[in-house]
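Please look through the sequence and the model below before reading on.

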Amino acid sequence: MDMNVSQLLRDPIGSTRDYQIDEVIDLTGEGNKNRIKGTCNFIRTQRSILVRCNLNTEIELSCSRCVSKFQQPIKIKFNEEFYPLLDAQTGTALPPPEESSAFTIDEQHTLDLTEAVRQYFVLAIPMRALCKKDCAGLCAKCGKNLNLGKCGCPDENTDPRWSKLADLK
Ligand SMILES: [Zn+2]
Ligand SMILES: [Zn+2]
């Protein structure tokens, strides 16, 4: 997700560019390809380029209740500053950003979005994934996926007084 920003770095402060993103990349490093779509807006600030992205992708997750696999939509949204290592006008080196974890723009004026997208993608993955809000899960006794229908096990939640009545019948 390399963007050449040499022209934007030469433009006056406040100049902007909009980019339509539609790329397939392996964000997790596990060989799964993620298609990333959306928009990024770049703004030239006094000493950086402020990048605002609004991206969508999806990943395959296992439901934490019923363990079936499903596609989870993921929104990747961030505002991050990218600091140039070189002055685009003069070609002289610039002082590195104070924060060592800050994103940078390399000597070829390439702004690589991949690492920022990856970080915000990882943050957006739900800890407890559910295939649907009201997933019925698996039966604790027989393991049947209760989304597919009831199993034959006796209902654990039945009030014992009622089950006595049921026995009488
Ligand atoms: Zn489920
Ligand atoms: Zn069961």
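Helices and strands are here runs assigned by DSSP and numbered from the N terminus, a helix having at least four residues and a strand at least two. The model is a predicted one, and with these names in hand we can turn to the loop between β4 (49-62) and β5 (69-84), where valine 67 is found.

This loop also holds cysteine 63, which is one of the protein donors of the zinc ion (ligand 1). The donors are the SG atoms of Cys63, Cys66, Cys131 and Cys135, and they lie 2.3 to 2.4 Å from the zinc ion. Along the sequence, the donor residues follow the spacing C-x2-C-x64-C-x3-C. Because cysteine 63 lies in the loop between β4 and β5, while cysteine 135 lies in the loop between α2 (114-124) and α3 (160-168), the pair ties together parts that are 72 residues apart in sequence. Both of these residues, cysteine 63 and cysteine 135, are buried.

How are the four donor atoms arranged around the zinc ion (ligand 1)? The arrangement is tetrahedral, because the angles that the four donor atoms subtend are 107 to 113°, and the term asks that all angles lie between 85 and 135 degrees.

The backbone deserves a look as well. Most residues other than glycine have a negative phi, yet valine 67 has a positive phi, near 55°, and histidine 109 has a positive phi near 60°. Histidine 109 is found in the loop between β6 (103-105) and β7 (110-112). Valine 67 is exposed, with a relative accessible area of 55%, whereas histidine 109, at 13% relative accessibility, counts as buried.

Definitions and conventions
Residues numbered from 1 in each chain as written. Chains lettered and ligands numbered in written order. Predicted model: local features only at pLDDT ≥ 70, side-chain atom pairs only at ≥ 80, totals over all residues. Heavy atoms only, no water. Buried < 20%, exposed > 50% of the residue type's maximum accessible area, 1.4 Å probe, protein only. Donors = N, O, S within 2.8 Å, 3.2 Å for Na, K, Ca; no water. Tetrahedral: all angles 85-135°; square planar, octahedral: opposite > 155°, others 65-115°.
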